[in-house]
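Please look over the chain below before reading my points. They cover the sheet, the charged surface and the salt bridges, in that order.

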Amino acid sequence: MDLFDKLKELHEEGLNQINKAKDEKTLNDVRVELVGRKGELTKILHSMREVAPENRREVGQKVNELRDLFNAQLDEAKEKIVKAVLAKKLEDEKIDVTLPGREAHLGSKHPINIILDDLESYFIGMGYRVVQGPEIETDHYCFEMMNIPKDHPARDMQATFYIDSEDLLRTQTSGDQARVLEKHDFSKGPLKMVGPGKVYRRDDDDATHSHQFMQMEGLVVDKNITMSDLKGTLEMISKHVFGQDRETRLRPSYFPFTEPSVEMDVSCFNCDGKGCPICKYTGWIEVLGAGMVHPNVLENAGIDSTVYGGFAFGVGLDRFAILKYGIDDIRDFYTNDVRFLEQFRKEER
Ligand code: PHE
């Protein structure tokens, strides 16, 4: 066969093979066969001897042209294959972003924590510090330091779970008062603290009693603290929690660690004092206990009660939440039913 025919045939056959190659390896084999060092074009150049001298130039030119053409076509084909591989990969690994995502269920704040967090920041804003005492408290701090000696009848009201004769689950956060009083350095300023936390009593659980509940203790001690300071503070708390329209009143009461002692009522937010089932038709709702710190409590902590005095109050946080949100069973706070808890999502801040 004449070399020109051979070149023509190679031209057709080469392009054909390039087009047929569908993956990089086949294409590379085609490249080696067509333009490689031992490929078809090289073979033709090697057989130049057989070409008549006057045709050699033209054959050489044709071979070069064909090599350029093959190279260009090979490059193009390679680009196509690479693109096709990538396209297939993208297709295979496609993520359907239109699928609905998995919903993350965020919990909601517990209603008691809503009240607690709100009150804490309220007191911090008035210069109080927040302290936390141990839930397993000693008889010493829970009772003795608080002016409730071993044979005191007030202990009956606060029967609790004893771990041994000295350690118990605290019945009140008032022990925090004693702990802070002992440490406070009055040369650095007055003592103002709130102490929130869990307390325990040996109660049979029902709609209004729980063997575990939350209190927040408050204590202010300085020179020249009077009962009107206590009254003003309690009134502010009640207005902050229950609304500006609430009236407050103090009733005489008894606590071993305060003298005089009071209980505070707020005017019923439901009937505005007219009388309804919530306030048991009295127009008032009892919300907390308080009083002027008993001199014995100060002296027990090594503080001169002729120089310093103060007031203390104890807030039942469960009670605040019950009144504020109209909850009818205290056990709902502790049974962790998310349907109950979810209802307070809107109250979160
Ligand atoms: N500790 C009291 C109680 O648990 C409440 C209280 C605290 C009263 C501080 C007066 C002062 O009932």
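**Notes on the model**

1. Two strands count as paired if DSSP finds at least two bridges between them.

2. This is a predicted model, in which local features need pLDDT of at least 70 and side-chain atom pairs count only at pLDDT 80 or more, while totals for chains, interfaces and linings use all residues. Residues are numbered from 1 along each chain as its sequence is written, and side-chain values use heavy atoms, with hydrogens and water left out.

3. Which strand does β1 join through two bridges? The partner is β4 (residues 191-200), and the two run parallel. Within this pairing, arginine 129 has methionine 193 of β4 as its bridge partner.

4. A surface patch of negative charge brings together Asp2, Asp5, Glu9, Glu12, Glu13 and Glu33. Patch residues have over 30% relative accessible area and no salt bridge, with like charges joined within 9 Å. Asp and Glu count as negative. Helix α1 (residues 3-20) contributes the most to the patch, with four residues; a helix is a DSSP run of H or I, at least four residues long. Glutamate 9 belongs to helix α1 and counts as partly exposed because its relative accessibility is 46%. Buried means under 20% relative accessible area, exposed over 50%, and partly exposed in between (1.4 Å probe, protein chains only).

5. The whole structure holds 26 salt bridges, each a side-chain nitrogen of Lys or Arg within 4 Å of a carboxyl oxygen of Asp or Glu. One of them pairs glutamate 24 with lysine 78, with 3.8 Å between the closest N and O atoms. Glutamate 24 is in helix α2 (residues 24-35) and lysine 78 in helix α4 (residues 53-92), so this pair ties together parts 54 residues apart in sequence. Glutamate 24 is partly exposed at 42%, and lysine 78 is partly exposed at 38%.

6. Are arginine 155 and aspartate 139 buried or exposed? Both are buried. Their side chains meet in a salt bridge at 2.8 Å, N to O. The pair links helix α7 (residues 154-157), which holds arginine 155, to helix α6 (residues 139-142), which holds aspartate 139.

7. Salt bridges also form a network, which links Arg249, Arg251, Glu263, Asp265 and Glu286.

Notes
Patch = residues over 30% accessible without salt bridge, like charges linked within 9 Å, V, L, I, M, F, W, Y side chains within 5 Å. Areas by Shrake-Rupley, 256 points an atom, 1.4 Å probe, with all protein chains shown as cover. Charge placed at Lys NZ, Arg CZ, Asp CG, Glu CD.
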